[in-house]
Amino acid sequence: MIRRLLHEIFPALWLISAAIIGHANLRLVTNCSDYVMVVSSESMEPALYRGDLIFLWNREEQVHAGDIPVVWFDGRELPMVHRAIEVHHEIDTNCTHAILTKGDNNLFDDVVLYPVGRNHVYREEVKGSVRGYVPFIGHLILFVKSWIVL
């Protein structure tokens, strides 16, 4: 009886443990706690559309103008996925990497979205840069999230 039960449960346990190990390995390889995200606004069109599934990489020391960093400020519910339009190095003794971002579909830069009194993003606030995407797949996730929030 126990042997039969274990025989039936083992494949499911193996699958769950493989998923957990795979997730942990991807976090280590990409250096991102969230290496896959869904674009939730139209601010980056036509480069990225709402519902696109994006893949992040955080192994580069520097963000370059033209990159699409994902910035997540402490206390904010969602990250910001916008293009780096200016990057400054060594602006003072405390900050060696300051980034100005802007959504491709926005008229103005993102200074109004930054914490009060800031006119740039620090490299340490970048959770990763977009390295690839799959169009439309994230619409299902956005749909489910909209039902959960309601």
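In what order do the five strands of the open sheet lie? In this predicted model the order is β1-β2-β8-β3-β4, and the pairing is antiparallel; helices (H or I, at least four residues) and strands (E, at least two) are DSSP runs numbered from the N terminus, and two strands pair if DSSP finds at least two bridges between them. The edges of the sheet are formed by β1 (36–38) and β4 (80–81), each of which pairs on one side only. Residues are numbered from 1 along each chain as its sequence is written, and side-chain values use heavy atoms, with hydrogens and water left out. Because the model is predicted, local features need pLDDT of at least 70 and side-chain atom pairs count only at pLDDT 80 or more, whereas totals for chains, interfaces and linings use all residues.

Strand β1 runs antiparallel to β2 (residues 53–57) and is joined to β2 by three bridges, with Val38 having Leu53 as its bridge partner in β2. Strand β2 is in turn joined by five bridges to β8 (residues 126–134), again in antiparallel fashion, and Phe55 stands opposite Gly132 in β8.

The largest pocket holds about 590 Å³ of space. A pocket is here an open set of points on a 1 Å grid over the protein atoms alone, where a 1.4 Å probe fits and with protein on both sides within 12 Å along at least five of seven lines, and lining residues have an atom within 4 Å of a point; grid points are joined across faces, edges and corners, and the volume is the space filled by probe spheres set on the points. Of the 23 lining residues, Val38, Ser40, Leu78, Leu142 and Lys145 are the closest to the centre of the pocket. Two or more lining residues come from each of β1, β4 and α2 (139–149), and α2 gives the most, with six residues. By class, the lining comprises 14 nonpolar, five polar and four charged residues, where Ala, Val, Leu, Ile, Met, Phe, Trp, Tyr, Cys and Pro count as nonpolar, Asp, Glu, Lys and Arg as charged, and the others, Gly among them, as polar.

The domain assignment, which is automatic or taken from a database, gives domain 1 (1–30) and domain 2 (36–149), and the centres of these domains, taken over C-alpha atoms, are separated by 33 Å. Asp34 lies in the loop between α1 (2–30) and β1. With a relative accessible area of 36%, Asp34 is partly exposed, a class that falls between buried (under 20%) and exposed (over 50%), using a 1.4 Å probe and protein chains only. Beyond its neighbours within four places in sequence, Asp34 is in contact with Leu56 and Trp72, contact meaning heavy atoms within 4.5 Å.
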